[in-house]
Amino acid sequence: MDTSVLVAYADSGEPEHARCLALLDQEPTVLVSTALVLTVTGWLISRQLGALAEAGFYRSVVDGELEVRALGREAWVRVSRLTGKYAGNDLGGVDPSLVAVTERLRLNTIATLDHNHLRAVRPRHVKAFKIVPWLVLFVGRACDDCVAPGIDISPVPRLPLT
């Protein structure tokens, strides 16, 4: 789960709020992310919505709605390598942290609105990541009824509650 989806979910003023709300409210299961994603998300939510909204976001972790996966040494090596390899794409370290955890859990789907960065990355365990929610742009506007041929737009799989 990437920052962009979490912020859009939290902020009803975000253009993609409804799409992210629909995505995350599919069914009661645990979503997975990293501490780096949560740090950036908390800061953005605080900046946009205030400290009480930020506290509410952290409660989602406490309540088990969002699972934070730690980065071990191997994951940090992967973050470092991906950040360097995709330096021209301005990938930064947050997205590679999500890639490392997704690879370790052998998942193939990442929820993000930042399609360009994560589509550029080649995962180790699958040919490419499935990025959700899918958004097709035509002449600068979203087209909810349009689907590019061959693109899988099924919902994001989630880990079952334990």
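Helix α3 has these buried residues: Val37, Leu38, Thr41, Gly42, Leu44 and Ile45. Buried means under 20% relative accessible area, with a 1.4 Å probe and protein chains only. This is a predicted model, where local features need pLDDT of at least 70, side-chain atom pairs count only at pLDDT 80 or more, and totals for chains, interfaces and linings use all residues. Residues are numbered from 1 along each chain as its sequence is written, and side-chain values use heavy atoms, without hydrogens and water.

**Helix α3**
- The 15 residues of α3 (35–49) should span 21 Å at 1.5 Å a residue, and the end C-alpha atoms are 20 Å apart, which agrees. The expected span is 1.5 Å times one less than the number of residues.
- Its buried residues pack against α1 (3–10), β1 (31–34), α4 (51–62), β2 (66–69) and α6 (94–104).

**Nonpolar cores**
- A nonpolar core is a set of buried Ala, Val, Leu, Ile, Met, Phe, Trp, Tyr and Cys residues joined through side-chain atoms within 4.5 Å.
- The largest core has 17 residues, and Met1, Val5 and Leu66 touch the most other members.
- Helices α1, α2 (17–24) and α3 each supply at least two residues of this core.
- Another core, of 10 residues, lies apart from it; Leu82, Leu91, Ile110 and Phe129 are among them.

**Whole protein**
- The protein has 7 helices and 6 strands. These are DSSP runs: helices (H or I) of at least four residues and strands (E) of at least two, numbered from the N terminus.
- Of its 162 residues, 40% are buried.

Conventions. Buried < 20%, exposed > 50% of the residue type's maximum accessible area, 1.4 Å probe, protein only. Contact = heavy atoms within 4.5 Å.
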